[in-house]
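Dear colleague,

Please find below the structure that I am handing over to you, together with its sequence. My findings follow directly after it.

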Amino acid sequence: MAEEPSVKRTKTEDLGAGSEPDAATPAAAEEERPGGEVTVKIQSKALCCRICSEPLKPPIFKCAAGHVLCSQCPEKLREVGHVLRLGTFCALCCKSTSYSRCVELEQFIDAMKVPCSNQTYGCNEYVSYQQKEKHESSCPHAPCYCPEDDCAFKAPACCLLDHFVTAHGWSPTNLGYNKPLKILLARDRRFTLLVGEDMSLFLLINTLTSIGSALAVVCVRPHESEPSYSCNISAAHGVAGGKTDGRLVFQKDPHVSSSSLAGGVQMGNFFLLVPLEFAETSSGELTVHIRIDRVAS
């Protein structure tokens with residue numbers, strides 16, 4: 001853990017700048033303290049196992065000298081001690097010892113609440129220290145990233161639409177679920193922005209290869225979550241005048257993947273490879289039909 005968590009535990013009564021407490025204040029504070037909260041900062045390493053440096057979560061153990069370990073490390077040390085014929089020992093004390101539950105630290109950690117790491121992006125939740133990782137794995141405020149080269153913009157998904165339009169001049173296309181949509185796609189257009197009825201953002205990704213265009217769809221959001229979507233993509237062979245001759249290629253993706261685009265655009269398991277000769281002869285555009293269905297949970 002690199003950050004220093006801001007811990008919310010007990011809150012005392014605030015006094016105005018330069019004010020002096022009256023005689024009744026200490027008694028009042030004592031009455032409030034058991035059920036109140038206070039905000040403190042703690043060095044993150046103080047909440048980590050002294051052996052593996054992982055965050056401490058109950059059950060927590062300590063050796064006879066007070067060195068605090070996570071639930072996994074005492075057993076690992078016992079195994080090492082058995083092999084080395086040292087018995088139960090502490091790697092920090094470098095001598096034989098015994099381990100017991102560190103109940104006082106368990107109680108302290110149980111009482112701790114910390115801010116979500118996505119506070120900068122609008123999450124105001126204070127969550128149990130033990131549940132922080134779980135909360136952040138599904139926090140809707142986690143940032144998504146712009147896929148354009150040399151653009152470092154990141155923000156909650158709800159802010160990306162405005163960024164795409166204002167910063168990059170993208171033209172979003174409104175998408176109705178369970179309805180086919182025809183798109184004329186320039187072969188060199190990397191991204192086509194689709195906006196669902198529920199304001200979900202989808203990217204139709206066009207990756208040029210030596211044998212054609214690889215088309216895939218991704219839902220731009222920080223985590224896999226409900227609702228889920230399926231997608232059908234087809235491309236027709238174009239001829240002069242914007243017409244087609246009936247030949248087409250087709251791909252069905254039963255589960256459109258979600259991505260924050262933190263690692264850039266990934267092709268995924270499902271994509272449609274459209275041969276080079278499918279582009280319309282005069283304009284070079286691809287005639288693509290796409291349908292995204294909202295899957296009932």
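The paragraphs below describe the chain as a whole, then one of its helices, then its backbone and its pocket. Please bear in mind throughout that this is a predicted model.

Overall composition

The chain contains five helices and 21 strands. It has 297 residues, of which 37% count as buried. The accessible surface of the chain amounts to about 16,800 Å², and carbon and sulfur atoms account for 51% of that area.

Helix H2

Helix H2 covers residues 73-83, and its buried residues are Cys-73, Pro-74, Leu-77 and Gly-81. These four lie on the same side of H2, because they cover an arc of only 95° around the axis. On the other side of the helix, His-82 and Val-83 are exposed. What, then, covers the buried residues of H2? The cover includes strands S3, S4 (68-69), S5 and S7 (99-101). Just after H2, Arg-85 takes a positive phi of about 60°.

Backbone features

Cys-94, which is not a glycine, has a positive phi of about 60°. Cys-94 belongs to the loop between strand S5 (89-90) and strand S6 (95-96). Is Cys-94 buried or exposed? With a relative accessible area of 65%, Cys-94 is exposed. Asp-150 is likewise not a glycine, and its phi is positive, at about 65°. The loop that holds Asp-150 runs between strand S10 (144-145) and strand S11 (154-155). The relative accessibility of Asp-150 is 85%; since exposed means over 50%, Asp-150 counts as exposed.

There are also cis peptide bonds to report. One of them runs from Pro-58 to Pro-59, with omega near 0°. Pro-59 is placed in the loop between strand S2 (37-41) and strand S3 (61-63). Another cis peptide bond joins Glu-226 and Pro-227, where omega is about -5°. Pro-227 is found in the loop between S16 and strand S17 (228-239).

The largest pocket

The largest pocket holds about 300 Å³ of space. It is lined by 16 residues, and those closest to its centre are Ala-157, Ser-200, Val-220, Arg-221 and Pro-222. Which elements each supply at least two residues of this lining? They are helix H5 (157-168) and strand S16 (212-220). H5 gives the most to the lining, with three residues. By residue type, the lining of the largest pocket divides into ten nonpolar, four polar and two charged residues.

Points to view

- Helix H2, with Cys-73, Pro-74, Leu-77 and Gly-81 among its residues, all four of them buried.
- The peptide bond from Pro-58 to Pro-59, which is cis.
- The peptide bond between Glu-226 and Pro-227, which is also cis.
- The lining of the largest pocket, to which H5 contributes three residues.

Yours sincerely

How values were computed:
Residues are numbered from 1 along each chain as its sequence is written. This is a predicted model: local features need pLDDT of at least 70, side-chain atom pairs count only at pLDDT 80 or more; totals for chains, interfaces and linings use all residues. Side-chain values use heavy atoms; hydrogens and water are left out. On a 1 Å grid over the protein atoms alone, a cavity is a set of points where a 1.4 Å probe fits but cannot get out, and a pocket is an open set with protein on both sides within 12 Å along at least five of seven lines; lining residues have an atom within 4 Å of a point. Grid points are joined across faces, edges and corners, and a volume is the space filled by probe spheres set on the points. Ala, Val, Leu, Ile, Met, Phe, Trp, Tyr, Cys and Pro count as nonpolar, Asp, Glu, Lys and Arg as charged, and the others, Gly among them, as polar. Buried means under 20% relative accessible area, exposed over 50%, partly exposed in between (1.4 Å probe, protein chains only). Accessible areas come from the Shrake-Rupley method with a 1.4 Å probe; for residues, only the protein chains shown count as cover. The arc is that of the directions from the helix axis to the C-beta atoms. Contact means heavy atoms within 4.5 Å.
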